[in-house]
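Welcome! Here is a short briefing to read alongside the structure. Take a moment to look it over before you start.

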Amino acid sequence: MRKGATMDTEWMAEGKCRDLSPEVFFPSDGVGVQVAQRICAECPVADACLQYALDERVDHGVWGGKSERERRRILRRRRLGRHVTAGV
Ligand code: SF4
């Protein structure tokens, strides 16, 4: 977490994963990722969850229905978008 920032984690109490084993969301293969993503797809706080993982640069696991690779892609796209906007 960035210094001085307030971490909003109240959404975690509303997550569909709150009563499930955390292992489900840290899968070791693609099938496990799909299982986690199916749960996230019905989660009412998926947007907040994804935003948290992106803001905090969480490297591992499925957050907000996005795999590690998908989150890296989103962050890369955002960086490129900022460079385009800044004229770099
Ligand atoms: S989006 Fe997935 S990982 Fe995030 S809180 Fe919901 S169920 Fe849990």
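In this predicted model, 13 residues surround the ligand, and the closest are Gly15, Cys17, Cys40, Cys43 and Cys49. A residue counts as near a molecule if its C-beta atom, placed from the backbone, lies within 6 Å of it.

**Before you read on**
- Residues are numbered from 1 along each chain as its sequence is written.
- Local features need pLDDT of at least 70, and side-chain atom pairs count only at pLDDT 80 or more, while totals for chains, interfaces and linings use all residues.

**The overall fold**
- The protein chain has 3 helices and 0 strands; helices (H or I, at least four residues) and strands (E, at least two) are DSSP runs, numbered from the N terminus.

**Around the ligand**
- Helix 1 (30-40) and helix 2 (46-55) each give at least two residues to the ligand's shell.

**The nonpolar core**
- The largest nonpolar core has 11 residues, including Phe25, Cys40, Cys49 and Trp63.
- Such a core is a set of buried Ala, Val, Leu, Ile, Met, Phe, Trp, Tyr and Cys residues joined through C-beta atoms within 7 Å, where buried means that 20 or more other C-beta atoms lie within 10 Å of a residue's own.
- Helix 2 provides the largest share of this core, 4 residues.

**A closer look at Cys49**
- Cys49 touches Trp11, Gly15, Cys43, Trp63 and Gly64, not counting residues up to four places away in sequence; contact means C-beta atoms, placed from the backbone, within 7 Å.

Methods:
A residue is buried if 20 or more other C-beta atoms lie within 10 Å of its own, exposed if 12 or fewer, and partly exposed in between; C-beta atoms are placed from the backbone. Two residues are in contact if their C-beta atoms, placed from the backbone, lie within 7 Å.
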